[in-house]
Each structure stands twice: as structure tokens, then as C-alpha cells.
Amino acid sequence: MKLKIIKESAANLFNSNRNIPWWIFSGAIVSFILILYTGLVPIRHTYNLGDIADKDIKASDDFLVEDKDATETNRRITADNVLTVYDFDSLLSSKLYQHLVTAFRDIRDAAESDNFKTHDPETNLQIPAVSEKLLRFKSVFEKRIGFTIPKSVYISLEKNRFSEDIPNAVIAIVSKILDTGVVANKDFLLKESEKGIILRDIESKNEILTYELNSFFSPEEAQGLVKTIGQPVLKGFSPDKRDTVLYFVNRLIQPNITLNRNETEERIKRAVAEVSPVLYKVKAGEMLLREGEKVSGHQLVKLKALKSQIRYEQISATCIGAAMILSCLLLTIYIIHLKNRNDKIGDHNRKILFYACIVIMFFLLAEISSSLSRSLTQNEPFSITAASIQFGIPMASGAMLICIFMGLNTAISFSLVIAVCAAIVFQNRFEIFIYFLLSGMTAAYWMQNCRERKVFINAGVKLGVFNIFVATAINIYFADFSWMKLLWDWVFAFLGGVGAGIVTAGLTPLVEITFSFSTDIKLLELASLDQPVLRRLMIEAPGTYHHSVIVGSMVEAAASEIGANPLLAKVCGYYHDIGKINKPQYFIENQSDGINKHDKLAPSMSSLILVAHVKDGVELAKQNNLGQEITDTISQHHGTSLIRYFYDKAKQMKGEEAVKMDDFRYPGPKPQTREAGLVMLADVVESASRTLEMPTSARIKGLVQNLMNNIFSDGQLDNCELTLKDLHKIARSFNTILNGIYHHRIEYSEAQTTGNGKGKDGSPDKQQSKQVQDQAGRHTANGSGHLKRLGLS
């Protein structure tokens, strides 16, 4: 019970809410994005080293895998080839000279200000004495020169009065050594002899490449060469002074070529970073892992490379952009084909849902077919390409379905949508878009006016031949003249056309049931008088059945005149009064015994019984799945017209003021389609025509004109798009049909009639005129040549 209430609530919401199309549209776009995203993102394979594969894994596309061992080898070689950077301090001798000269000058000035002399007993001469003040300056001097000196050396300096010759000689020797270059660890330097080193001047930042590493001195070599290099400089120096100079030289010699480890490492990092990875190509279709195999390190590298190819940001952007394109297309088609239609809310929502389902279903078909085409052609021995198989996808079936249910114009527009969806799936390929666009348009064209099942196959075969021409044109356009590929293209293109027809034939009944649509094929089935509802109507309400058949014939002829759907109109005419099955004896055409049950009922009760047949008919239509169009026609065929007979009867009984006219009107709605309007007109005209005593052509014409004018004046045709020109054609068609039904017969005397009921011309289908019938009725039952109680038992 609760489920039924929920279903009814959902149906009421669907049939009354104008925002439903936007929800459907949003759902379709979200579904489109999800399907596209899952198609672009490959299935993740999470395996660890040593795991057992549970299925075969093939490369879906070409991709590159890094050979890490080769890459690491290249990086190591590159790092080894980077030249070591050494800093060369070309100004070191100048700096030492400045410090030394300044120190000697300061101590010399101090010595002159403290000029004490001592007596030399051997020479009897006065010599300067080392004052206590100068000894106090020793520590300051040592601090200035950067190292400590023995007291003897200091005394020697004081003895020579801190002569300027000493620092000049020291720097002259040091400069010669330092200009050549002194390196702290010459053994380590010599390891770079083969590739050389970069010698960078600290001050100017100039760099030179040098291979003559043996020319540089180690500190030991430099100290060993001090005497040799200093010999020319020290000529004329006393031994004491010479020793002092040599002492200072040995102490001041220091490496001026030093290893710049940080700069060297930085250059190695930059060089290594510029080394491109060594890549090898994995071809599409290559087996990466077989079911049951233990995952090796090499295979794991390939699987990780396959996963690393995924660019989620790019995929997301692609999905959003594709969804925006599809949204623009669908909104454009909606504005052109659907927005300005006067459909009921429920019908409008139903059509929108149908369109959305078709688009999503065939987009999903394209996605699945894309994966299958790649899988089937991997390691295929017959040289079948994925592009050939893609010609066999029955995408045209979408346009064919829409053409069957919604017409050619709408189908052509949706062919564009389906072609765009297919192109998006197949990497935006131009040839795919053109192929499916042309295929869909021609398929829709050939599915017009489909009234037989064989039309599906005929259209499929025609489409297959057309697809062959399109596939050939595409091959020529791309200058692909491989006969083997062209042959397979032809095969799959033809199969795609035939397959589209077969798929459409299979889906059509499902769409009819799901969306309550009616195709011409279904209408032809319903037009059969052997349908269970019509047989029941014939047995239980024969008068109504005969009336319905005549109405069906009238509306079919009229629909052909005004360009409406004759088949739909006829079927609606057959079923418009099936609600009378429940209470057939309350309707005059079924009262064969001359007793009218309404004589004993109040007019209001009689009107309720008459109104109920509309509701009962709608229920029967739903139970028998007659389709929405027929159901709507049943509910609309009386519109909101007045049940005048019982309304007038109620006024006579209760007075005009006590009777409300709305209580004697049908609930409606008024006819919404031309076919429903035709049924209303034919129903009224056919019923009223039976009351004519002498149904001459003029009387029939006048009756039709008056009844149609009354219906038009009452506003019952306001919503069904019937024009005055249409009404004129309808009246003329009705006149023709009714004149054919009520034409006059030749009167025959009893003597001219044989015992078997045939006239002279032997035609058993000739009706006798009313006068002959009345005359025959006056004969006695036991008259000669007559059967007693014929038809009374």
C-alpha cells in the first residue's frame, strides 16, 4: 500500500513539476561526466613485488618506461665528467705584503721613540738595546703578522731596526712561489690530471681550464724551494738577516689554490638534473603481466609507469569541457524543438527524459565499444584495426529511435549530439564525427512512416550500403589505400548499418512500454478489431462498438484531409468509449429492449454515470497499455462539454436557479491535439446523426454544420490547433462518410424477395428501406414463407 502511494506521489510530482527537465538535464550531464571520466582513467592495478597476478594486463596505449639503471649510469658518468672547481687567490701575496709592511712600520716607529743603546765590549761600539717597551710590542707585532716568532728572530729584527728590506725581500720570494700556485693536497689534485680542473679567480670570477696540475707546488715543495728562489733576492744580506727573511717566507707560504667543494657539488647536481631519463617504449597491446605470474621488479616498473601516465587534472578539464559542449548542444536543441510546444507538463517531462536516456545510453555504447575495439584488435592475426571495428558500432540506432517516436527534424538534431559524443569518446577524431553524423541523419530519414517490422531491416541494409560509401570517402580523404583495411572497413560499415536496424527493432517495444509512446506499428496492432478490449466491447456493448468503428472511420478520413495522423486518429476513435463497458445498459445505443434505465434516476445521478465512463475508459486504457496518446484522447474526447439533456431535465424538475451548469459538465480537459479534437467532433456528429428520421444529404450537412458550430462556440477546440480551414475540411469529410452510411435503398415488394432473403440481384448485403421494414413487420408471424420468431430467441 505504501509503495503504491509512493508511486502515485512520484507520478504526480513528475506530471506537475516544471523543474523536472532541469533535474533530468543535470542528471544527464553528471552521468556523461562520470562515464567519460571512467573511460579516460584506466583501471588501477595495485600489485606489490612478489604478488600473483589475478588477470592479464595489457598496455591500452603506447607509453614510455624509464630504464632506471641506464639513467643512473648516465647520471653517474655525467657527475664524473663534471670538472672540479678550485679557487685561486691571486691577491694573497698583496694582502700578505700589506699586513707585513704595516706591522714592520708600526714596530719601527715604536723603536725610534725608545732609542736606548748598549755597549758592545768587543767592538767598543754603542748598539741599540731591546727595551722593555719593544718587548711589549712583540705580541702586537705577532698579532699583526698572524703568527708567533722566536725571541731570537725578534732580536734580529730589532738589531736590523726592522728594516724595510726584510718585508720587501720576504714578499718578493713569497710572490714568486704563490704566483705559480700552492695547493694544500697535491696528491688529490693530481687525480684530476686526465680531465683537468676549473681554476677560478676569487676576485675576478674568471675561470680557466687547466691540465698542467704538476706545475703547482705543494706546501712542502714550496718550502723546499724557498732558498733556491730566494738566493737572487738575498744577495748582500747578512746571514742573520737572510735567516730572518727565510724564516718569514717559510711562515707566510700558504696554499692559494683551494678546492671549492660546494661549488663543485652544485655543478654536479645541475649536470645530473639535466640528464634526461633513458626511456623505452611499451607498445599498445603488449602483455605487461599474465594471469598467475609472480610480479617481478621489471613488471612492477611497467605497471607503475602505466599508472604514472594518468594526468588527473587534464582528464578533469577534458570532462568539464566536454560536458559544457554537450550542454550547449542540448540547450540549443531544446530551444529549437521543445521549448515552444504546448505539451502537458507530464508529456513534456517524459520526452525530456526519453531524450536524456537516448543520449546517455548511446554515449555509454560508444565508451564500451571503444574499449572492446582496442581489446579485440590487440594481437589480432587478421590485421583488423580498431578504426575498422568502430565503423560497426550501431550509433545510428539512436537517431532511428528518436525519428520513430519524435519525428525526423528532432532526430536529425540529435544525430549531431550523438556524433559529437562519439567523437569525444574516440579522441576527437574528425572522421568519426562525420561518419556517425551522416549515418544518423540518413538512418532517421529512412525510418520515416515506419508501419511494418520489415522497415527496420530495409532501413538497416540501406544504411549499411551508405556507410560503405562514407567509409570509402574517409579512407580516400586520409590517403589510406590499404586494400585489406578498406575491405574490413566495408564489412564493419555494412554490419553497423544492419546492426542499427536490428537494435532499433529490439529497443522500440521497450521504449513504447517504458515511456508509454505509441509508434505506427503499435497503432496498427491496436487497430486490429481482434484486440481483447474491442472484442469485449463488441460482446458487452455492441451499440458502442458499432459507434466506435464508425467514429474511427470518420476521423481517419478527416485526419488525412487536414494532415493529422490518420492511424492515431482511427485508433483513438476505436477506443474512445471503452469506458462504457462497465455500465453498457446506461447508454442508449446499447438499450435493445426499449427500457431506458435513466428514467428511474435523478438527472444528477444520470450525469455522474455518463461522466464516469471517461474515467473508467482511462483506467482500462492504462490496464491494457494502450499508450499515453490514446489515454489522453479518452480523457479529452468530451472536453468540458455540457450534458444538455439531463441539465435541461434537471432545470424542469428543480428550476433554473437550483441547478448549477458545472455539475452537468464533463471534467475535461479539453482536446489538446488535433486527433483528440477530431474524435470529439466525430463522436458528437455520429451519435446525433442516428436521430435523423430522413437522413438526406442536406439534413446531414446541416446537422454536421450546426453541431460543429456549437462545439466551436463552446470553446472546446481552443487548445487543439484546429483552424477554421481544418473545420471546413472535416465537415466535408464527415458529410461524405455519413452520406455513404445513410444512403437510400430501392424498395422491394415481398413478391420480389426470395425465401433465402436475396433480391433479384442476389446481393445479401442490401439493406431494406424503413418502409419495407415496417411493411414486413405488419405481416403475421405465421404467414406463408416466413420463419417464426426469427432472431427472438
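## Rings, charges and surface of a predicted model

The count of aromatic pairs comes to 27. Here rings of Phe, Tyr and Trp (its six-membered ring) pair if their centres lie within 6.5 Å; planes under 30 degrees apart are stacked, over 60 edge-to-face, and the rest tilted.

Residues are numbered from 1 along each chain as its sequence is written, and side-chain values use heavy atoms, with hydrogens and water left out.

### Aromatic rings

W22 and F25 both belong to helix α2 (residues 20-40). They sit three residues apart, about one turn of the helix. Helices (H or I, at least four residues) and strands (E, at least two) are DSSP runs, numbered from the N terminus. W22 is partly exposed, because its relative accessible area is 47%. On this scale buried means under 20% relative accessible area, exposed over 50%, and partly exposed in between (1.4 Å probe, protein chains only).

Y355 and F414 form another pair, and this one is stacked: 4.7 Å centre to centre, 20 degrees between the planes. This pair links distant parts of the chain. Y355 lies in helix α15 (residues 345-377) and F414 in helix α18 (residues 408-425), 59 residues apart. Y355 counts as buried because its relative accessibility is 3%. F414 is buried too, with a relative accessible area of 3%.

Ring pairs also build a cluster of F104, F141, F147, Y154, F162, Y247 and F248. A ring can meet a charge as well: the charged end of K241 sits over the ring of F237, 4.6 Å from its centre. The rule asks for NZ of Lys or CZ of Arg within 6 Å of the ring centre and within 35 degrees of the ring normal.

### Salt bridges

The whole structure holds 22 salt bridges. Each is a side-chain nitrogen of Lys or Arg within 4 Å of a carboxyl oxygen of Asp or Glu. Three of them are set out below.

| Pair | N to O distance |
|---|---|
| K95 and E203 | 4.0 Å |
| D489 and K485 | 3.0 Å |
| R665 and D714 | 3.6 Å |

K95 forms a salt bridge with E203. K95 lies in helix α4 (residues 92-113) and E203 in the loop between β6 (197-201) and β7 (207-210), so the pair ties together parts 108 residues apart in sequence. K95 is partly exposed at 38% relative accessibility. E203 is partly exposed as well, at 43%. Both belong to a salt-bridge network that also includes D89.

D489 and K485 are four residues apart in helix α21, so about one helical turn separates them. Both are buried.

R665 forms a salt bridge with D714. R665 lies in the loop between α28 (644-654) and α29 (674-689), and D714 in the loop between α30 (697-713) and α31 (724-741), so the pair ties together parts 49 residues apart in sequence. R665 is partly exposed at 22% relative accessibility. D714 is partly exposed at 32%.

### A nonpolar patch and a buried asparagine

W483, M484, L487, W490, V491 and L495 make a nonpolar surface patch of about 620 Å². Patches use residues with over 30% relative accessible area and no salt bridge; like charges are joined within 9 Å, nonpolar side chains (Val, Leu, Ile, Met, Phe, Trp, Tyr) within 5 Å. W490 lies in helix α21 (residues 483-515). Its relative accessibility of 30% makes W490 partly exposed.

N467 lies in helix α20 (residues 454-477). It is buried, with a relative accessible area of 2%. What does N467 contact, leaving aside neighbours within four places in sequence? The partners are Y435, S439, A493, G496 and G497. Contact means heavy atoms within 4.5 Å.

### The whole chain

The protein chain has 32 helices and 10 strands. Of its 793 residues, 43% are buried. Among contacts between residues at least 6 apart in sequence, 76% join residues at least 24 apart. The chain exposes about 43,200 Å², and carbon and sulfur atoms supply 56% of it. Areas come from the Shrake-Rupley method with a 1.4 Å probe; for residues, only the protein chains shown count as cover.

Conventions: Predicted model: local features only at pLDDT ≥ 70, side-chain atom pairs only at ≥ 80, totals over all residues.
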